[in-house]
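Please keep the sequence and the 3D view open as you read.

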Amino acid sequence: EESKPKRRIAVTLSMTDTNFVVVEDASCLDSNAVVLKGTLLLKFRSFPSGEKALNCSVDNLELFSCSLANEDETALSILDPVTVAMEINPLSNRNQRRPKRVPTSDADKDGGDECCVQVFEIQVQQLNFRLSYNDMKLFLAIAQSLPILSPEGPKDSPPPPPPPPGAVRHGPRKTQGETDDVFVRRMVPLGFSPASIRRQLLSSGGDPDIAACKLLD
C-alpha cells in the first residue's frame with residue numbers, strides 16, 4: 001500500500017489593538033480601571049517530518065491605569081509600550097541540520113521513535129515598569145471586589161430591624177480604631193507587619209496617607 005503524504009499545517013491568529021480592562025467598581029461608569037493593551041500575532045506550523053513550531057509576538061504591549069470617564073487625560077503608565085517575541089522551534093530549524101534525538105524509553109534505544117529537541121526563546125526590548133502607591137491601592141481594591149463578581153454573588157444579609165417610632169436615625173460612623181484596622185488590613189499584603197503599620201499611624205497622628213508614605217520610603 002502506498003503511504004499517504006503527511007500534511008503541513010499552518011495556523012495564524014491576529015488580534016489588533018486589543019484592550020483588556022479590569023475595573024475597580026463595575027457599577028460605576030467613571031470607575032478607576034487598569035487597561036492592558038497590545039497587538040497579538042500567533043503562528044503555529046506543523047511540518048511533514050512531525051516537527052512543530054510556535055511563534056508569538058505582542059507589539060506595543062502596555063499597561064496603564066485611568067478613569068473610564070476620561071481615559072486620555074487620566075491615563076498613568078505602569079508599563080511603557082514594549083514588544084515581546086516568543087518562539088518554540090525544532091533545533092533543526094536553527095542549525096539547518098538534523099538535530100540529535102533523545103531516546104524516551106527502552107524501545108527508543110533499540111531504534112524506535114524518539115523525540116525531537118525543541119528550543120524556547122523569548123525576546124524583550126527595553127522594559128520600563130513603574131508602580132505608585134495609588135496603583136497598589138487600585139490593585140488591592142480590584143482584588144477585594146472580585147468575590148462580588150462571582151457567579152453566586154454576595155450573600156444577602158438580613159435587613160436591620162426598623163427603628164422605634166420617633167427615634168432619630170443616625171448613619172453608621174467608623175471610629176478611629178476601625179479606620180486604623182482597615183488601613184492595617186490593606187497594608188499587610190504589601191509585606192509590612194501590623195506593629196510597624198500601627199507605629200507609623202501613631203507617629204502620623206492617625207493620617208493613613210502620611211503613614212503610607214513613611215512606610216514606602
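The points below go from the overall layout to a few single residues.

1. Overall layout. Please bear in mind that this is a predicted model. The protein has seven helices and five strands, and along the sequence these run in the pattern β-β-β-α-β-α-α-β-α-α-α-α. Of the 217 residues in the protein, 24% are buried. The accessible surface comes to about 16100 Å², and carbon and sulfur atoms hold 56% of that. Among contacts with a separation of 6 or more, 56% link residues 24 or more positions apart.

2. In soluble globular proteins, nonpolar side chains tend to be buried together.

3. Which residues does I197 contact, leaving aside its neighbours within four places in sequence? They are F183, V184, M187, V188, F192 and L215.

4. Helix α4. This helix has 13 residues, and the distance from its first C-alpha to its last is 19 Å, close to the 18 Å expected at 1.5 Å a residue. Its buried residues are Y133, D135, M136, L138, L140, A141, I142 and S145.

5. Helix α6. Here S196, I197 and L201 are buried. They cover an arc of only 140 degrees around the axis, so they sit on the same side of α6. R199 and L202, on the other side of α6, are exposed. After α6 comes G205, which has a positive phi, near 70 degrees.

6. S204, between two helices. You will find S204 in the loop between α6 and α7. Why does S204 count as buried? Its relative accessible area is 12%, and buried means under 20%. A polar atom of the S204 side chain lies 2.8 Å from the backbone oxygen of Q200.

7. D25, in the loop between two strands. D25 lies in the loop between β1 (9–23) and β2 (32–46). D25 counts as partly exposed because its relative accessibility is 36%, a value that falls between the limits of 20% for buried and 50% for exposed. The side chains of D25 and S27 are joined by a polar contact of 2.7 Å. D25 and L146 are 121 residues apart in sequence, yet their C-alpha atoms are 9.8 Å apart in space.

8. S31, in that loop too. S31 also lies in the loop between β1 and β2. Is S31 buried or exposed? S31 is buried, with a relative accessible area of 4%. Its side chain reaches the backbone nitrogen of E24 at 3.3 Å. Leaving aside neighbours within four places in sequence, the contacts of S31 are V23, E24, D25, C66, S67 and L68.

Terms used:
Residues are numbered from 1 along each chain as its sequence is written. This is a predicted model: local features need pLDDT of at least 70, side-chain atom pairs count only at pLDDT 80 or more; totals for chains, interfaces and linings use all residues. Side-chain values use heavy atoms; hydrogens and water are left out. Contact means heavy atoms within 4.5 Å. Helices (H or I, at least four residues) and strands (E, at least two) are DSSP runs, numbered from the N terminus. Buried means under 20% relative accessible area, exposed over 50%, partly exposed in between (1.4 Å probe, protein chains only). A polar contact is a pair of N or O atoms within 3.5 Å; within protein, one must be able to donate a hydrogen and the other to accept it, and residues adjacent in sequence count only if both atoms are side-chain atoms. The expected span of a helix is 1.5 Å times one less than its number of residues. Accessible areas come from the Shrake-Rupley method with a 1.4 Å probe; for residues, only the protein chains shown count as cover. The arc is that of the directions from the helix axis to the C-beta atoms.
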